[in-house]
Amino acid sequence: MKTDDLIASLVADHPSRTQPVWLWLLAGLFAALPLSGALFMMTLGMRPDIATAMYNPFFDLKFVVTLALASAAAALSLHLSRPDASLHGWMWLLALPVGLLGIGIVADFAVPQRVNWTGRLVGSSSVACMSSIPLFSAPFLIAALLTLRHGATSRPMLTGALAGLMSAGLGAAIYAAHCMDDSPLFVATWYTLAAAFVTFIGAMIGRRVLRF
């Protein structure tokens, strides 16, 4: 049997998969948002100076970068939910959040500040960052893995990793509303480490639950 015929027969045997995968994913993420928001409010809450922080471009950049990361990873995971899909010509999407963060780091060092580069790197909330982002990402990761099962990926581990990366971006965006460290260097270090952990968890779970 040819590959195309096999895929067609598998799809025919699974009528519940008639809805587009992106619609399942979007619904799952919206369902997970209140839970992540509740976890955020119960554990941390908004930073006390949120009203003035919004006028700080480096504070705003945290949301731009994390949501750009989540969007890019979502697009890649949805692309891989199709059988025999390849990432060739798609990986450039991840360059967008990386480039934005790089520009932010350069701009941060161009602004005279009392805090030296080590202070910007270490910050004051690295431990909270490393623990909170995975926590707030968990509902999104569960929803993403469950909804991506409506696809037919031939690369479950990679798809799971991208689902984890997307979830980490969303979880980091929520945590950013509490984080008092606005330096892009801090974000590039601690947010990235937390996101890498969630990505690893997504890959490990995805290789089992996303196997078609």
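**Close-up 1. Packing of helix α7 against helix α8 in the predicted model.** Helix α7 (residues 126–148) and helix α8 (residues 156–176) cross at roughly 130°, and their axes come within 7 Å. Because an angle counts as roughly antiparallel when over 145 degrees and as roughly perpendicular from 65 to 115, α7 and α8 are described as oblique to each other. Their crossing is right-handed. On the α7 side the contact is made by A128, C129, S132, I133, F136, S137, F140, L141, A144, L145 and L148, and these meet T159, G160, A163, G164, M166, S167, A168, L170, G171, A172, I174 and Y175 of α8. Sorted by class, the residues of this contact comprise 16 nonpolar and 7 polar, with no charged.

**Close-up 2. The kink and the end-to-end span of helix α7.** Within α7 a kink of about 40° lies at A138, shortly before the proline P139. The 23 residues of α7 should span 33 Å at 1.5 Å a residue, and the end C-alpha atoms of this helix are 32 Å apart, which agrees with that expectation.

**Close-up 3. Packing of helix α4 against helix α8.** The axes of helix α4 (residues 57–80) and α8 come within 8 Å, and the two helices cross at roughly 160°. Since angles over 145 degrees count as roughly antiparallel, α4 and α8 are roughly antiparallel to each other, and their crossing is left-handed. The α4 side of the contact consists of F59, K62, F63, T66, L67, L69, A70, A73, A74, L76, S77 and L80, while α8 contributes L158, T159, L162, A163, L165, M166, G169, L170, A172, A173 and A176. By class, the residues of the contact between α4 and α8 divide into 18 nonpolar, 4 polar and 1 charged. Among the α8 residues listed here, T159, A163, M166, L170 and A172 also belong to the contact of α8 with α7.

**Close-up 4. Packing of helix α5 against helix α9.** Helix α5 (residues 95–110) and helix α9 (residues 184–209) pack with their axes 8 Å apart, at an angle of about 140°. The helices α5 and α9 are therefore oblique to each other. In this view L101, G104, I105, D108 and F109 of α5 meet P184, L185, V187 and A188 of α9. The contact of α5 with α9 has, by class, 7 nonpolar, 1 polar and 1 charged residues.

Methods: Residues are numbered from 1 along each chain as its sequence is written. This is a predicted model: local features need pLDDT of at least 70, side-chain atom pairs count only at pLDDT 80 or more; totals for chains, interfaces and linings use all residues. Side-chain values use heavy atoms; hydrogens and water are left out. Axes are lines fitted to C-alpha atoms, for helices over the stretch in contact, and angles run from 0 to 180 degrees between N-to-C directions. Helices (H or I, at least four residues) and strands (E, at least two) are DSSP runs, numbered from the N terminus. Angles under 35 degrees count as roughly parallel, over 145 as roughly antiparallel, 65 to 115 as roughly perpendicular and the rest as oblique. Contact means heavy atoms within 4.5 Å. Ala, Val, Leu, Ile, Met, Phe, Trp, Tyr, Cys and Pro count as nonpolar, Asp, Glu, Lys and Arg as charged, and the others, Gly among them, as polar. A crossing is left-handed if the near helix is turned anticlockwise from the far one by less than a right angle, and right-handed if clockwise. The expected span of a helix is 1.5 Å times one less than its number of residues. The bend at a residue is the angle between axes fitted to the seven residues ending there and the seven starting there.
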